[in-house]
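Please have the model open as you read.

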Amino acid sequence: MLSDVEIAQQAKISKINLIGEKLGLTEDDLELYGKYKAKICAEVWNKVKDNPDGKLILVTAITPTPAGEGKTTTSIGLADALNRLGRKVCVALREPSLGPCFGIKGGAAGGGYAQVVPMEDINLHFTGDFHAVTTAHNLLAAVLDNHIHQGNELKIDVRRVVWKRVLDLNDRALRNVIVGLGGKINGVPRESGFDITVASEMMAILCLANDFADLKSRLGKIIVAYNVDGAPITADDLKVTGSLALLFKDAIKPNLVQTLEGTPALIHGGPFANIAHGCNSVMATKYALKLADVVVTEAGFGADLGAEKFLDIKCRLSGLRPDAVVIVATIRALKMHGGVTKDKLAKPNVKALKRGIENLEKHIENIQGFGLPAVVALNDFPTDTDEEISAVELFCAAKNVKFARSKVFAEGSVGGIGLAKAVESVFDEPKDFHFTYADDESISDKISAVAKKIYGAKGVEFLPAAQKQIAEIEKLGFGNLPVCIAKTQYSLSDDAKKLGRPKKFTVTVREVKISAGAGFVVVLLGNIMTMPGLPKRPAAEKIDITSDGIISGLF
């Protein structure tokens with residue numbers, strides 16, 4: 001089989017204005033970025049806002065493993081399959097980060113015959129949205145340091161500057177830095193650091209804003225530091241909100257592309273789900289719901305991370321409500337959760353599969369705990385045996401959960417028809433959607449609720465520094481905000497080595513900070529890093545481009 005990038009390069013794709021027509025958009029509704037990419041003009045919302053909303057399908061997954069699950073591929077293939085069944089469909093996804101593209105995970109444009117295209121553009125600089133986020137974030141950092149250098153009128157405590165800088169690459173050497181060295185002319189020396197762009201509060205604001213006015217208001221509320229009296233200093237205090245908003249004037253517009261089969265795709269925003277809230281933009285999702293009868297969207301990593309944040313944060317702040325949730329699993333990943341090493345996953349092992357299926361069980365329970373219907377999508381691999389597939393199907397039947405095999409990677413939409421019909425069958429099932437915690441619960445209780453109900457922890461340990469931070473955040477009046485918990489994606493616990501469905505574990509809260517503009521409280525568990533590092537053999541070593549522009553190694 002051809003590689004992902006080879007399949008994408010050989011695809012015959014339509015000009016983007018023709019894709020827009022499938023959603024009822026005219027050329028005047030689009031701002032073209034070449035032949036195959038466009039942004040949707042801001043004025044379009046006034047034309048479509050009174051349209052009825054389509055059905056919303058959330059795609060999530062079991063706890064990810066190095067064996068692979070294929071959540072984005074499944075999302076794209078499902079959208080294509082629903083389109084094949086005659087539905088007016090749009091898929092709404094996140095933009096890939098350059099960090100994983102050149103690191104270990106690869107891109108996020110799907111795979112095989114279930115991809116969004118132009119794949120190379122989407123995985124690289126795309127329409128410049130991440131550049132806008134990075135630049136706005138670093139402008140705020142530069143203005144902050146300049147204010148301190150120019151006399152510090154706001155009496156900022158340089159020991160309590162909380163706004164770092166960002167870069168959309170994995171670079172562990174930048175996690176902790178000292179700025180302002182080199183004498184008085186170069187500023188005031190202080191400790192700082194870098195986060196990856198997709199963990200930035202700016203990215204969260206872009207993805208949670210309902211419109212430009214809301215985005216501008218959120219930017220002004222960003223807390224960058226505290227003064228000597230302990231009062232927060234915001235972007236509004238630094239008088240830079242207008243400039244920050246200016247940098248988002250194009251980035252706020254959702255991007256329109258297409259799948260290999262010509263299904264419209266809105267790809268906008270890209271927060272990580274392990275260290276941020278892991279969902280595409282509210283604006284793109286709402287546009288899609290007004291433009292299509294069915295919208296397929298995904299949330300990053302396992303259902304304990306992306307789906308929990310989609311439901312507890314994005315839905316809470318936007319009013320969105322899914323009609324169905326798809327949980328993607330693979331035989332390979334379930335066997336790895338059952339204790340099989342990566343080099344032995346091709347060998348049949350029903351016993352290990354049944355041990356690992358406990359991980360799937362927990363994610364099903366979590367989705368049902370939100371009051372939503374779940375469908376299990378088993379992403380096919382050539383090494384899967386009939387006995388192993390039957391074991392998963394029987395398990396789902398015992399749990400009274402719809403089950404379907406997905407072959408979209410190898411077959412495109414044809415391989416997703418069974419999944420599409422299974423999803424359609426739950427649209428009208430009764431729903432009792434509710435959140436994991438209430439707004440008026442304390443921050444500690446909200447964290448405990450997610451840890452116990454979603455992760456399955458027996459308890460939560462709050463380090464002294466975290467306890468102090470929570471008390472300060474609540475004193476400042478932010479105790480009613482939802483919590484965005486950052487933890488390892490590789491385990492339901494905060495220990496990446498605990499696979500499957502760990503029990504009787506405690507999670508450790510080491511740091512809690514406020515993202516006032518985004519509208520949530522960030523909670524760091526265990527040893528999670530907000531700036532990833534590169535692996536020993538990064539994907540960057542395998543990527544190349546010829547003199548005539550042919551790219552290889554990108555996946």
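## Helices on the sheet

Helix H12 (residues 303-318) lies across S21 and S23 and runs at about 170° to S21. Contact here means heavy atoms within 4.5 Å. H19 also packs on the sheet, where it touches S20, S22 and S23, and its direction makes about 35° with that of S22. Axes are lines fitted to C-alpha atoms, for helices over the stretch in contact, with angles from 0 to 180 degrees between N-to-C directions. Helices (H or I, at least four residues) and strands (E, at least two) are DSSP runs, numbered from the N terminus.

This is a predicted model: local features need pLDDT of at least 70, side-chain atom pairs count only at pLDDT 80 or more, and totals for chains, interfaces and linings use all residues. Residues are numbered from 1 along each chain as its sequence is written, and side-chain values use heavy atoms, leaving out hydrogens and water.

## The sheet itself

The four strands form an open sheet in the order S20-S22-S23-S21, with mixed pairing. Strand S20 (459-462) and strand S21 (483-486) are at the edges with a single partner strand each, so one side of each has no neighbour in the sheet. From one strand to the next, the twist averages 40°.

S20 and S22 pair in the parallel sense over four bridges; two strands pair if DSSP finds at least two bridges between them. The bridge partner of Phe462 in S22 is Val509.
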